[in-house]
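Here is a briefing on one structure. It starts at the ligand and then moves to other contacts and the surface.

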Amino acid sequence: MSNEKANVVIVGGGVFGNSIAYHYAKNNPGKKIIVLERNELCNAATSRAAAMITKIRAKKEFIPLAKQTYTAIAEMETLLGESLDIKTVGIMHIAASETKVSDLEELVKTASKFGERWEYISAEKAEQMAPWLNASTSLKIAYMPDEAYCDPYLLGTFYARTAKLLGADIRQGVEVTDILMDGDTATGVVTTDGIIDADVVIIAAGAWAPILAKKAGINLALAPVRSQYWITERNEIFPESMPMVVLPDVNAYLRPEGGALLFGIRERQSIAVSPNDIPNDISSFKFSDDKGMNDLSEVIDRLAAFFPRVYDIGLKYYIAGFSAYTPDNYLSMGSTTKKNNILFATGCVGAGIAVCGGVGLAFAEMAAGKPNPYDFSAFDIHRFGDIDPFSEEWLQKCAIARSVKNSG
Ligand SMILES: Cc1cc2nc3c(=O)[nH]c(=O)nc-3n(C[C@H](O)[C@H](O)[C@H](O)COP(=O)(O)OP(=O)(O)OC[C@H]3O[C@@H](n4cnc5c(N)ncnc54)[C@H](O)[C@@H]3O)c2cc1C
């Protein structure tokens with residue numbers, strides 16, 4: 001019996017895999033694309049995200065990708081005749097030290113350059129908009145009204161549903177166990193359901209991507225690093241319409257969550273784990289015995305300067321997950337000069353919900369043999385040289401990168 005054949009096979013049904021499927025199916029009618037997800041769609045990093053779809057960032061290379069996310073959402077809403085109900089509440093960046101003020105001045109220049117609206121606002125105005133906030137120590141506050149957050153599971157499954165509507169084949173409960181290689185050329189995948197030959201194989205396997213890359217002979221430059229956040233109990237000081245807030249002086253971000261407050265911090269000591277040590281089903285992984293309380297206690301006094309109620313407000317939920325980090329906090333993705341017909345949609349550096357639209361379009365175009373519409377030179381998977389993604393030294397480098405990451 002001959003093998004099943006596809007034009008494109010995608011390994012991983014998170015937000016990246018599904019976004020690629022949507023963009024490819026839309027732009028290449030009649031071509032066969034298959035997404036293979038071993039669990040349920042969006043079960044891993046995607047469903048755990050705080051899902052801030054931040055467009056205006058210090059890393060300018062991410063901005064066009066994030067803009068495409070908003071474009072894709074609008075297109076999918078039309079196609080499905082449903083609203084994704086994204087919450088366009090805007091974002092406030094609050095600088096309370098001279099260094100952060102100059103970073104903020106750069107950021108607003110970037111916003112203007114990319115045609116995004118922003119304004120400086122007073123501490124009083126900021127406190128009015130976010131009643132939980134004490135902005136008295138702030139030196140400068142910029143408000144960007146067009147930034148949004150969303151439900152990340154819904155976004156990931158919107159991509160999958162529209163992709164399916166346009167002809168993509170989305171399979172759950174199918175694991176890819178090997179990459180078929182003919183010399184230096186990928187020719188398909190081995191799965192728990194049999195072999196699929198493919199013209200192009202795309203690895204979008206999140207934290208586990210280095211395992212599959214290794215099977216294809218590539219040392220993929222990323223490491224799974226834990227991210228964590230908390231959700232408070234509901235309180236009237238957290239109106240649903242309040243803007244998101246970034247506090248670079250504290251390394252914290254905060255946003256409304258159904259009448260409560262969701263907030264995350266960059267801890268001093270981030271935790272990286274070898275891809276081999278993460279179970280296939282992430283829900284069985286124990287992230288933190290103390291629900292991140294040690295990490296939170298390190299920053300709580302500094303956070304309380306802006307959010308005084310943090311000491312006594314009840315914390316209802318603790319969420320943790322793995323994002324794929326790199327030492328320079330730039331994405332690790334694209335093609336490789338070392339192998340043919342295999343692409344890596346990986347290394348999300350905790351920004352995958354924001355950039356998923358551009359990532360989807362880029363890989364859809366590359367898989368169709370067309371030029372990548374974006375400049376991916378900063379994301380080159382070989383830029384760190386010959387690394388061992390499973391070594392302790394590499395894991396530590398990537399963990400440190402998250403600890404020093406500033407915002408977004
Ligand atoms: C706590 C937290 C907060 C975050 N907040 C934000 C935020 O505010 N904004 C933002 O932009 N991003 C945020 N992120 C990052 C965002 O969640 C990720 O960047 C994004 O979800 C990455 O998507 P992905 O498709 O690459 O990975 P995943 O969603 O992890 O998907 C990978 C999939 O591949 C599957 N897979 C792996 N190996 C195989 C195999 N061999 N065969 C078949 N399937 C396989 C897995 O089961 C999984 O479903 C956050 C992440 C976390 C953990």
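Areas here follow the Shrake-Rupley method with a 1.4 Å probe, and for residues only the protein chains shown count as cover. The model is predicted: local features need pLDDT of at least 70, side-chain atom pairs count only at pLDDT 80 or more, and totals for chains, interfaces and linings use all residues. Residues are numbered from 1 along each chain as its sequence is written, and side-chain values use heavy atoms, with hydrogens and water left out.

**Ligand shell**

- The shell around the ligand holds 37 residues, and Glu-37, Thr-46, Cys-348, Gly-352 and Ala-354 come nearest. A residue counts as near if one of its heavy atoms lies within 4 Å of the molecule.
- Elements that give two or more residues to this shell are helix H1 (15-27), strand E2 (33-37), helix H2 (45-48), strand E10 (223-232), strand E14 (315-325) and helix H9 (352-367). Helices (H or I, at least four residues) and strands (E, at least two) are DSSP runs, numbered from the N terminus.
- By residue type, the shell divides into 22 nonpolar, eleven polar and four charged. Nonpolar covers Ala, Val, Leu, Ile, Met, Phe, Trp, Tyr, Cys and Pro; charged covers Asp, Glu, Lys and Arg; the others, Gly among them, are polar.
- A backbone N or O atom of Ala-50 sits 3.0 Å from a nitrogen atom of the ligand.
- Phe-16 places a polar backbone atom 3.1 Å from an oxygen atom of the ligand.

- Gln-228 is in strand E10. Its relative accessibility is 0%, so Gln-228 counts as buried. The classes are buried (under 20% relative accessible area), exposed (over 50%) and partly exposed (in between), with a 1.4 Å probe and protein chains only.
- The Gln-228 side chain makes a polar contact of 2.8 Å with the side chain of Glu-267. Another polar contact, of 2.9 Å, joins the side chains of Gln-228 and Asp-295. A polar contact is a pair of N or O atoms within 3.5 Å; within protein, one must be able to donate a hydrogen and the other to accept it, and residues adjacent in sequence count only if both atoms are side-chain atoms.
- Thr-162 lies in helix H6. At 0% relative accessibility, Thr-162 is buried.
- From Thr-162, the side chain reaches the backbone oxygen of Phe-158 at 2.8 Å. It also reaches the backbone oxygen of Tyr-159, at 3.0 Å.

**Salt bridges**

- The count is 20 salt bridges. The rule asks for a side-chain nitrogen of Lys or Arg within 4 Å of a carboxyl oxygen of Asp or Glu.
- Arg-117 and Asp-146 pair through their side chains at 2.8 Å, N to O. Arg-117 is in the loop between H4 and strand E4 (119-120), and Asp-146 is in the loop between strand E5 (140-144) and H6, so the pair ties together parts 29 residues apart in sequence. Arg-117 is exposed at 53% relative accessibility, while Asp-146 is partly exposed at 23%.
- Glu-106 and Lys-109 form a salt bridge of 3.1 Å, N to O. The two are three residues apart in helix H4 (residues 98-113), so about one helical turn separates them. Glu-106 is partly exposed at 43%; Lys-109 is exposed at 55%.
- Lys-286 bridges to Asp-289, with the closest N and O atoms 3.5 Å apart. Both Lys-286 and Asp-289 are exposed.
- A network of salt bridges links Glu-4, Lys-32, Asp-169 and Arg-171.

**Surface and loops**

- Leu-79, Leu-165 and Leu-166 make a nonpolar surface patch, with about 250 Å² of accessible area together. Patches take residues with over 30% relative accessible area and no salt bridge; like charges are joined within 9 Å, and nonpolar side chains (Val, Leu, Ile, Met, Phe, Trp, Tyr) within 5 Å.
- Leu-166 belongs to the loop between helix H6 (152-165) and strand E6 (169-172). Leu-166 is partly exposed, at 32% relative accessible area.
- Arg-309 lies in the loop between helix H8 (293-304) and E14. Arg-309 is partly exposed, with a relative accessible area of 32%.
- Arg-309 and Ile-237 are 72 residues apart along the chain, and their C-alpha atoms are separated by 9.7 Å.
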